[in-house]
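Please find below a short note on the structure, prepared for a reader who is new to the subject. The points may be read with the model open alongside.

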Amino acid sequence: MSLKSLPMPDPGVPDLSSPPAFLRWMRRSQRRGQLLATCWGVLELACQAALPLTLGLGIQAAVGGDTAGIWRAGALALLLAALQSLGGVLLHRQAVWNWITAASQLRQLVARQASRLGAGLSRRIATGEIVAVSNSDVERIGWYVELTARVRAAVVVWLGLSVVVLSRRPLLGLAVLLGVPVLAASVWPLLAPLERRYGKQRALAGRATELAADTVAGLRVLRGIGGEELFLERYRVASQQVRGAAVRTARIWSLMQAQQVLLPGLFVVATTWYGAELVVRGRIGVGELVAVYGAMAFLASPLRILGEAAHAWSVARVSAERATQVLALTRTAGEEAFTAALTRPERADLHDPVTGLTARAGRITAVVCGDPDVAGHLAGRLGGHLPLAEDERPEPSVRLGGTPLDEVPLDEVRAAVLVHDKEPVLLSGTLAELFEVPASGRVTAARALTAVRAEDVLDALVDGSPECGGDPMRARITERGRSLSGGQRQRLALARSLVADPAVLVLDEPTSAVDAHTESRIAAGLRELRDGRTTVLFATSPLLLDRADTVLLVHQGRVAATGSHRELLRGCPQYRAVVTRDTAPAPSGRSAPEAAQAADPAAARTHSEEKV
């Protein structure tokens, strides 16, 4: 019953055919925990149900003057109380274990899905929705999975109590046997409204979480343009909508809770009145009346558990529907079994049949796109098929050495082709932990940091981590590297990609946040470290383009021009317009930026003032 096994080595393959099927799979995946919780629940509830019977026997013995009977009843009551306490403790312990295990399993499934789909996940599911699934939905589903064992225990004890009472008093036993299902079913008319209202609350909460995530991500920009109050007001409105939906959901839940108190109370009053009539008529003793009253009062516990289960089912079904939407996404339009394998990817050309882009093996290929969104999408495609949006049609797969990446297992694709996103994430931890990535071993962390000119970054990390003792590799990086500037974070992320040293490295604007002088030095370091390795570089900076072996211009979704940077500056107006932002010819017949580039590549960097 230890939680040391978390996270699980393999969370399993869930049944995503429907939300109820997914919830059933979650229950089946922890059979041992469910069985133990059911056993401990039966022990606790059975002792709780038997205790009034024991007290009744003691009272009847006292009325009859049976001293030995009183002692026997007292000893039995103490034993039942001890066993009930033991069962309650063990049930609570196992129930918490079941809850945490189910929540951890679902979080691992979501994390695995996010890892499989990468940046393409946000094209199908909003970031706020992913956060909501990983937090509130996980808790709701874990609650339902944990509760199912207690429901089984309540049903078992209710049936046992019905048999005992039925054998002694058939009419009362029949009331117990039929009354509980009737009272439990009385809450079902409220479940549909509860589920609808919670579904609306869940949708509004997802949108509010998405707005909050976007606001936090763009907080620095919002402060720069004075837009904090605008987004704060939007979040206030969204949060008030969530609050209103939660209040409407709570009204239904409060009715269900009131019903769980009122109806069982009326049932107990009616059965006790009937028992009192039997006592007056002399058909049963006072002790048996106490036992009957205690048994009827006990029924409130199973009814409370069944009512809680009805609530848990309603909210868990909504949460499971959201979770299955995320987990059901696939890499391709019709992902089946993978049938292909990559052979010597370091010597294979990377080809995209959609745009006509070909990156030759062992060379640096620069790609220029006028639209940064197009560049980001194409970079993602080169690393494996992105999940398609609802209105998109399947596209031909990118090929590495003639092998479609869609037909290759994802782990093998990721090992061969690494996509360095334009907004990479730095996880908190030490600098040494940042570079603990699968790598060839050819490029050390020191060489990578030198190549990206990270001397000032190392100094900043050491200054911010006095406990590192002057060793930058022991210096700590805050969450997402927030203590560093945009350019410093970008260089650390680029160094991490260089340490990985994949056969094919796809870089999407890796130096967009650094100054021109640093960028020129990074371009030289990048050229040195990636010598003989396939590199695809999405950029518009002349400093980077001038270091590439081949430059491709992608226009309107197709490769429109190919050549060196200087050749395209001279002969391709579209390329010149994108790179220099200026198409006016110089007096010599060459563009002004081109003339500057011929003399000094750094001088053509007309957009360096736009760096963050």
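The note that follows treats a predicted model, taking a pair of helices and then a sheet.

1. Helix packing. Two packed helices are described by the angle between their axes and the distance between the axes. For helix H3 (residues 67-117) and helix H10 (residues 300-327), the axes come within 9 Å, and they cross at roughly 30°. The crossing of H3 with H10 is left-handed.

2. Residues of the helix contact. Which residues make this contact? H3 contributes Leu106, Leu109, Val110 and Gln113, while H10 contributes Ala323, Val326 and Leu327. Of the residues in the contact of H3 with H10, six are nonpolar, one is polar and none is charged.

3. The sheet. Strands of a sheet pair through backbone hydrogen bonds, either parallel or antiparallel. Here, six strands form an open sheet with mixed pairing, and their order is E6-E9-E10-E3-E11-E12. At the edges are strand E6 (417-420) and strand E12 (558-563), each of which pairs on one side only. On average, neighbouring strands of this sheet are turned by 20° against each other, direction ignored.

4. The pairing of E6 with E9. How do E6 and strand E9 (residues 504-508) run, parallel or antiparallel? The two strands run parallel and are joined by four bridges. Opposite Val506 in E9 stands Val419.

5. A helix on the sheet. Helix H16 (residues 486-500) lies across both E6 and E9. The direction of H16 is at about 175° to that of E6.

Technical notes
Residues numbered from 1 in each chain as written. Predicted model: local features only at pLDDT ≥ 70, side-chain atom pairs only at ≥ 80, totals over all residues. Heavy atoms only, no water. Axes fitted to C-alpha atoms, helices over the stretch in contact; angles between N-to-C directions. Left-handed = near helix turned anticlockwise from the far one by under 90°. Contact = heavy atoms within 4.5 Å. Nonpolar A, V, L, I, M, F, W, Y, C, P; charged D, E, K, R; others polar. Pairing = 2+ DSSP bridges.
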